[in-house]
Amino acid sequence: MKVLDKRIICLICFLFTLSACTDYLDVVPDNTLTLEDLFKQKEEAWNALAKVYSYMPEDDETHNTTWTLGDEWLGRLDLSENTGHLRAMRIMRGLQSANYPLLGSWSGTGGGQPLYEGIRQANVFLTNIDRVPDMTEQEKADWKAQVKFLKAYYNFILVQRYGPIVISDELVTADATSDQLFLERSKVEDCFDYILNLMNEAIPDLKERAPAILYGQVDQVIAKAIKARVLLFRASPFFNGNIEYFGDFVDYDGEAFFPLEYDKEKWKEAIDAIDSAIEACEANGVALYSYEKEPYLFDRVDFLQNKEHLKKLYDLRMVITDPWNRELIWGYSNINVYGQGELAHSTNMRLPEGYGDGTTNTASFSWQWMSATYRMVERYYTKNGVPIDEDLTFENDAKLEIVQTPGVEEDEYAEMRGIMQPGAETIKLYLNREPRFYANLGITGGYWRTHGVRINTMMYAGEDGGYNSSQHTTDFFETGIAIKKFVHPESKSGAWQRTIKFPYPIIRLADLYLMKAEALNEYYDAPNQEVYDAINLVRERAGIPKVEDVWSDASIVRTANKHKSKEGMRDIILQERSIELAFEGSRFWDMLRHRKATAEFSSPVWGWTYTGETGTDFFILEAKQSRQFTINNCLWPIDLNEMNTNSKLIQNPGW
């Protein structure tokens, strides 16, 4: 077993101090412990700091994550009627409710973190930290800055989900009046201004980059990157001139909550913030990930014979699971060391019979049932770096034709070595695709690296990776398409000690580069070389041609020169984001920001017929789950208990 990275353990220790302070800050018993007691020493203040961090959304947890919003994921269908399971997918099915909002961040309902509690704890901290005697002024300034930033970040998450929110800037005391306790919702633009002002206050007092022992704590690089994201959202059509959705969503004075006039200059503010964040990242060693270790033993022979393609596969396969690698700007490190339930566990394939010395077909930590939708199979590019329906060299009309990969001795197999199995049955849709397709998806005829071995995946029933009713009737990949992105090659089953833990990315450098391309494209009347250069940084790492090269080639693309218009380049950038950041919780928000969510997310989820034992029976598309996402779903409902408590609140439209 690989030992956990010492930096992860340090962060775990930092966050495990929560147990020492959770009850303290929620309830202060009479005549025992006072609030002042919690800030008598640095140790208690540290616990209070950890308390504020504890409200970070649990996007690593399968049932509580927002990353499965959208159209990328499908879980176990037999769990569909349990309100405590797969909550994000229930939202996508139109099952959100004001009686009990799913993933509700306002008051912590349905698996959501209660972010107003987190904001209250931040206010407690900021009010009392100066009374701690055994801390330097520099330490206090840094800790206060971290908490200010977290307070701003929690407010941003609330704005993402609810639009106009209640700004709670001061600590409310026990003798507060009703006017102090019950506040109205603020305009969206005022909310953004408040968030950005808090971040601007925090940044100068933060460490430029947190030391390794404190990875996960907020520093200047993190704060600048998240500030850039906030400004990207603020400039996006959903929050910038959205009269179509929210023209009649007004406060008690009849004034619109959302800004109804589009302001192009907001994109310029986003550009400036993105440039500042990228500059800070690059000055502190943040760079696009490249795998620099030796390949695994099971890949050594193929790696030597197909080094260029296997090296690229490793770069893309390990960008998430290699702990605290240099591309990660901010990672979620509140890791549940002993428990299971992470996306890494629900996506991991069980070890089939005949492989290695692992715990064969054990369900713990290898659930084998969170799968990718068929739509994701089509979304990845061809090897030319363009969509399958745009590539004139790709047999799109024959994409479902069953074929066999070349044999190991055939010349055509050279570039497939280590990526697809030789002489394996598959379909044309799975061939001649870009490297991220093979790095992220578990497919018939491909490979799956986990449990310290390389598995020859054939997703047919009874085959390695496929449905097997003799072992479990519910744990299988419903669509016949698996997700490898969050599974470390050394993670095994059976016990927590056999798994590799890593921080889930809140933001990484590739995201910033694509944000820059988008913001520049939206600000200028037509895309320029700076737009292309930003997106090409990501495409080069992905092993695909430069955007301006391939989209200018009429022998390859159906819509030649699409990249030269703002609208065409917007489509290209959004698809690039949906591929590079696939399964990381980005696509849902990208579609929402651009007011595309209702069109994109209201069609059924499709997948292969998992019970098929041969290609003929397996490669038949089935509608697996209906989806219904309306304009109402674009904003979360406020819990009715909150509405009944605070009469000044106005509910979101449609709820």
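**Questions on a predicted model**

Author: In this predicted model, Leu-86 sits in the loop between strand S1 (73-74) and helix H4 (87-92).

Reader: Why is Leu-86 called buried?

Author: Buried means under 20% relative accessible area. Leu-86 has 5% relative accessibility, so Leu-86 counts as buried.

Reader: What is the phi of Leu-86?

Author: The phi of Leu-86 is positive, about 45°, although Leu-86 is not a glycine. Most residues other than glycine have a negative phi.

Reader: Where does Arg-595 lie, and what is its phi?

Author: Arg-595 is in the loop between helix H21 (587-593) and helix H22 (597-600). Arg-595 is not a glycine either, and its phi is positive, about 55°.

Reader: Why is Arg-595 called partly exposed?

Author: Buried is under 20%, exposed is over 50%, and partly exposed is in between. The relative accessible area of Arg-595 is 28%, so Arg-595 is partly exposed.

Reader: What makes Ile-165 count as buried?

Author: The relative accessibility of Ile-165 is 0%, and the limit for buried is under 20%, so Ile-165 counts as buried. Ile-165 is placed in the loop between helix H6 (137-162) and helix H7 (178-181).

Reader: Which residues does Ile-165 touch, not counting those up to four places away in sequence?

Author: Ile-165 touches Trp-106, Tyr-116, Asn-155, Leu-158, Val-159, Glu-184, Arg-185, Ser-186 and Cys-191. Contact here means heavy atoms within 4.5 Å.

Reader: Why are H8 and H9 called roughly antiparallel?

Author: The axes of helix H8 (residues 188-202) and helix H9 (residues 220-235) cross at roughly 165°. Angles over 145 degrees count as roughly antiparallel, and H8 and H9 are therefore roughly antiparallel to each other. Their axes come within 11 Å, and the crossing is left-handed.

Reader: Which residues of H8 and H9 meet?

Author: From H8, Glu-189, Phe-192, Asp-193, Ile-195, Leu-196, Met-199 and Asn-200 meet Ile-226, Lys-227, Val-230, Leu-231, Phe-233 and Arg-234 of H9.

Reader: How do you know that strand S2 (residues 328-332) and S10 pair?

Author: Two strands pair if DSSP finds at least two bridges between them. S2 and S10 have 4 bridges, in the antiparallel sense. Tyr-332 has Tyr-504 in S10 as its bridge partner.

Reader: What makes H20 mostly covered?

Author: Of the 15 residues of H20, 11 are buried; among them are Met-569, Ile-572, Ile-573 and Leu-574. Helix H20 (residues 566-580) reaches 21 Å from its first C-alpha to its last, close to the 21 Å expected at 1.5 Å a residue.

Notes
Residues numbered from 1 in each chain as written. Predicted model: local features only at pLDDT ≥ 70, side-chain atom pairs only at ≥ 80, totals over all residues. Heavy atoms only, no water. Helix = DSSP H or I, 4+ residues; strand = E, 2+ residues; numbered from the N terminus. Buried < 20%, exposed > 50% of the residue type's maximum accessible area, 1.4 Å probe, protein only. Expected span 1.5 Å × (residues − 1). Axes fitted to C-alpha atoms, helices over the stretch in contact; angles between N-to-C directions. Parallel < 35°, antiparallel > 145°, perpendicular 65-115°, else oblique. Left-handed = near helix turned anticlockwise from the far one by under 90°.
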